[in-house]
Amino acid sequence: EMRRYEEDMYWRRMEEEQHHWDDRRRVSDGGYPHGPPGPPGLLGVRPGMPPQPQGPAPLRRPDSSDDRYVMTKHATIYPTEEELQAVQKIVSLTERALKLVSDSMADQDKSKNKESDDKKDLAKERALKGVLRVGVLAKGLLLRGDRNVSLVLLCAEKPTRTLLSRIAENLPKQLAVISPEKYEVICSLQDAAIVLNSCVEPKMQVTITLTSPVMREEN
């Protein structure tokens, strides 16, 4: 879809330039004796428009060597359709699985503290608040060969090792619920992240890091 959009914009720009040069040729050939179409201004020229130069104007070829070079270069760095589908699939599955992890943890916490949960809103008691796409994934700047994307998991409280381990233990169970495919889940305490790897080609990797608005307030 991105390629089709860029091609449409390219040919639209070419058509606009073609119309522009056609108008200039008509002026030089006497086709517009009183200036180009539009509201007349001083000396028969549209307001704000400089006088049109006389003489033939060169036409720019739509398929110039520079244009072909740019399009070829873009095609070499743009991800393949297979890579785009693989990224979209693993990111979507990870986001859905993390939502199920959040629901499961909320139910577990609610069963432990029934009395307090009856008085408070369950949404306010959720340990996991949401997921954000960051980096090249969020900006749509993936290049061919990029196999690692990043997600940030928002937590209600300051992330801890216990919370990280709890999420990593629950994530494979929820992935199995929504997808029959196998995924490798690694809890990296050293990097304070959870790494999710696909087991089929093209192999993709999602790095999940934890953060909280509480940490921003402390800083």
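Does Lys99 count as buried, partly exposed or exposed? At 47% relative accessibility, Lys99 counts as partly exposed; buried means under 20% relative accessible area, exposed over 50%, and partly exposed in between, with a 1.4 Å probe and protein chains only.

Before the next selection, note that this is a predicted model, in which local features need pLDDT of at least 70, side-chain atom pairs count only at pLDDT 80 or more, and totals for chains, interfaces and linings use all residues. Residues are numbered from 1 along each chain as its sequence is written, and side-chain values use heavy atoms, with hydrogens and water left out.

**Stop 1: the whole chain**

Helices (H or I, at least four residues) and strands (E, at least two) are DSSP runs, numbered from the N terminus. Along the sequence, the pattern reads α-α-α-α-α-β-α-β-α-β-β-β-α. Of the 219 residues in the protein chain, 26% are buried.

**Stop 2: the salt bridges of Asp103**

Lys99 and Asp103 form a salt bridge, with the closest N and O atoms 3.0 Å apart; the term denotes a side-chain nitrogen of Lys or Arg within 4 Å of a carboxyl oxygen of Asp or Glu. Next select Arg126, whose side chain meets that of Asp103 in a salt bridge (2.8 Å, N to O). Arg126 lies in the loop between helix H5 (122-125) and E1, whereas Asp103 is in helix H3, so the pair ties together parts that are 23 residues apart in sequence. Through shared partners, salt bridges join Lys99, Asp103 and Arg126 into one network.

**Stop 3: Glu83**

Move along helix H3 (residues 81-112) to Glu83. Glu83 counts as buried, at 8% relative accessibility. Leaving aside residues up to four places away in sequence, Glu83 touches Arg144, Gly145, Arg147 and Met204, where contact means heavy atoms within 4.5 Å. With Arg147, Glu83 forms a salt bridge whose closest N and O atoms are 3.5 Å apart. This pair links distant parts of the chain, 64 residues apart: Glu83 in helix H3 and Arg147 in the loop between helix H6 (136-139) and E2. Arg147 counts as partly exposed, at 32% relative accessibility.

**Stop 4: the sheet**

Select the strands. All 5 strands form an open sheet in the order E1-E2-E5-E4-E3, with mixed pairing; two strands pair if DSSP finds at least two bridges between them. The edge strands, E1 (128-134) and E3 (183-188), each pair on one side only.

Now colour E4 (residues 193-198), which runs antiparallel to E3 and is joined to E3 by 6 bridges. Among the facing residues, Cys187 stands opposite Ile194, and Glu184 stands opposite Asn197. E3 and E4 form a hairpin with 4 residues between them, and Ala192 in the turn has a positive phi of about 55 degrees. Towards E5, 5 bridges join the antiparallel pair E4 and E5, and Ala193 stands opposite Thr209. E4 is largely enclosed by the rest of the structure, because 6 of its 6 residues are buried. Ala193, Val195 and Asn197 lie on one side, and Ile194, Leu196 and Ser198 on the other.

**Stop 5: the nonpolar core**

Finally, select Leu128, Ile167 and Leu171, which touch the most other members among the 29 residues of the largest nonpolar core. Such a core is a set of buried Ala, Val, Leu, Ile, Met, Phe, Trp, Tyr and Cys residues joined through side-chain atoms within 4.5 Å. H3 supplies the largest share of this core, 9 residues. The contacts of Leu171 include Ala97, Leu98, Val101, Val185, Ile194 and Ile208, not counting residues up to four places away in sequence.
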